[in-house]
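This report describes a protein model from its coordinates. The sequence and the structure come first, and the description follows.

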Amino acid sequence: MHIRTGFTLAFETNGPTAMNLLLNIRPERRIDLVTPEVITFDPPVPARQHVDDFGNVCTRIVAPGGRITMSADFIVADSGLPDDQAPDAREIPVQDLPDDVLVFLMGSRYCDTDKLSQTAWGLFGGIAPGWNRVQAIVDYAHNRLRFDYQQADATRTAHDGHGQQVGVCRDFAHLAITLCRCMNIPARYATGYLGDIGVPKDPAPMDFSAWFEVFLDGPEGPRWYTFDARHNRPRIGRIVMARGRDATDCALTTSFGTAFLARFEVHTDDVPAEGAELAQAA
């Protein structure tokens, strides 16, 4: 299948303001591009890209002051299959984990494991390790929090969300990630595009989405598996833009100075193959 996706964001700044953007898809998905992924800026500004320590594509600009608009519109090929499931996947002893996975066991800015460790072991210590334990954590986070877009809070940690019992998709991910790490299960944050493909249309405006990934030993060996504590069901058409320890590492826009969000639009829809072919030809 083909997915047409992209965004239009606008910011108002009081003067020249450095910005770091994680608005590209991950490098491993570039092979799936049907049309070029190009971020345009209005007014035009120089842009420089690099890949950060988590493998995310970063774009650095200096907004000149006043309004700056950034946008992209492109088509990606996708398998059309839902998230992989591996009910027999096993947990991996900490001593056997790859070195680069260990960081995803540690507490981080929004994943305050020290405050939820006792809670996690009390809730999930009696559940058999592996996929079932992770799914129990996802079920718990899904039921513990109430989704409310109006209650978004950029400073809310997993422990805060657990107590307040409300949040947005990033809070569901942070809570589940933290509980997994408390149980010595590596978990990392992911964000990107997730359209209403194969599910009823959400009446709310489209937004970027957040979910998480867990490192388990499945039928094909140790690998990362996708889980989604907000939706709690396998979904079709995830397009990852950034991965990291939590939302700190995956902020899609970071301004080093005051920048007011003036416009925010995201689109993600499946398109007929012939439509994608026409777009590619154009």
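## Overall form

The model is predicted. Its secondary structure consists of five helices and 14 strands. The radius of gyration is 19 Å, close to the 19 Å that the globule rule gives for 282 residues, so the protein is as compact as a globular protein of that length. Taken along the principal axes, the box filled by the C-alpha atoms is roughly 55 × 45 × 40 Å.

Of the 282 residues, 50% count as buried. Among contacts between residues at least 6 apart in sequence, 77% join residues at least 24 apart.

## Surface and charge

The protein exposes about 13,200 Å², and carbon and sulfur atoms supply 51% of that area.

Helix H2 covers residues 131-144. Its 14 residues reach 20 Å from the first C-alpha to the last, close to the 20 Å expected at 1.5 Å a residue. Which residues of H2 are buried? They are Trp131, Arg133, Val134, Ala136, Ile137, Val138, Tyr140 and Ala141.

H4 is mostly covered, with 13 of its 14 residues buried. Just after H4, Asn184 takes a positive phi of about 65 degrees.

## Backbone exceptions

Most residues other than glycine have a negative phi, and most peptide bonds are trans. The peptide bond from Asp42 to Pro43 is cis, with omega near 5 degrees. Pro43 sits in the loop between strand E3 (40-42) and strand E4 (48-51).

Gln165 is not a glycine, yet its phi is positive, near 60 degrees. This residue is in the loop between H3 and strand E8 (166-167). Gln165 counts as partly exposed, at 37% relative accessibility. Asn184 likewise has a positive phi, about 65 degrees, without being a glycine, and lies in the loop between H4 and E9. At 38% relative accessibility, Asn184 counts as partly exposed.

Thr69 belongs to strand E6 (residues 66-77). Is Thr69 buried or exposed? Its relative accessible area is 18%; buried means under 20%, so Thr69 is buried. Apart from residues up to four places away in sequence, Thr69 touches Thr8, Leu9, Ala10, Thr40, Phe41 and Asp42. Asp42 is also the residue from which the cis peptide bond runs to Pro43.

Tyr193 lies in strand E9 (residues 187-193) and counts as buried at 0% relative accessibility. Tyr193 and Thr69 are 124 residues apart along the chain, and their C-alpha atoms are separated by 19 Å.

## Phe212

Not counting residues up to four places away in sequence, the residues touched by Phe212 are Val138, Ala176, Ile177, Cys180, Ala187, Arg188, Ala190, Tyr225, Thr226, Phe227, Asp228 and Ala229. Among them is Val138, one of the buried residues of H2.

Phe212 and His174 are 38 residues apart in sequence, with a C-alpha to C-alpha distance of 8.2 Å.

## Leu252

Leu252 is found in the loop between strand E12 (239-244) and strand E13 (253-256). Despite this loop position, Leu252 counts as buried, at 13% relative accessibility. Which residues is Leu252 in contact with, leaving aside its neighbours within four places in sequence? The contacts are Asn20, Leu21, Leu22, Leu23, Thr191, Phe208 and Met241.

Leu252 and Met70 are 182 residues apart along the chain, and 12 Å separates their C-alpha atoms.

Methods: Residues numbered from 1 in each chain as written. Predicted model: local features only at pLDDT ≥ 70, side-chain atom pairs only at ≥ 80, totals over all residues. Heavy atoms only, no water. Helix = DSSP H or I, 4+ residues; strand = E, 2+ residues; numbered from the N terminus. Rg over C-alpha atoms; globule rule 2.2 N^0.38 Å. Buried < 20%, exposed > 50% of the residue type's maximum accessible area, 1.4 Å probe, protein only. Contact = heavy atoms within 4.5 Å. Areas by Shrake-Rupley, 256 points an atom, 1.4 Å probe, with all protein chains shown as cover. Expected span 1.5 Å × (residues − 1).
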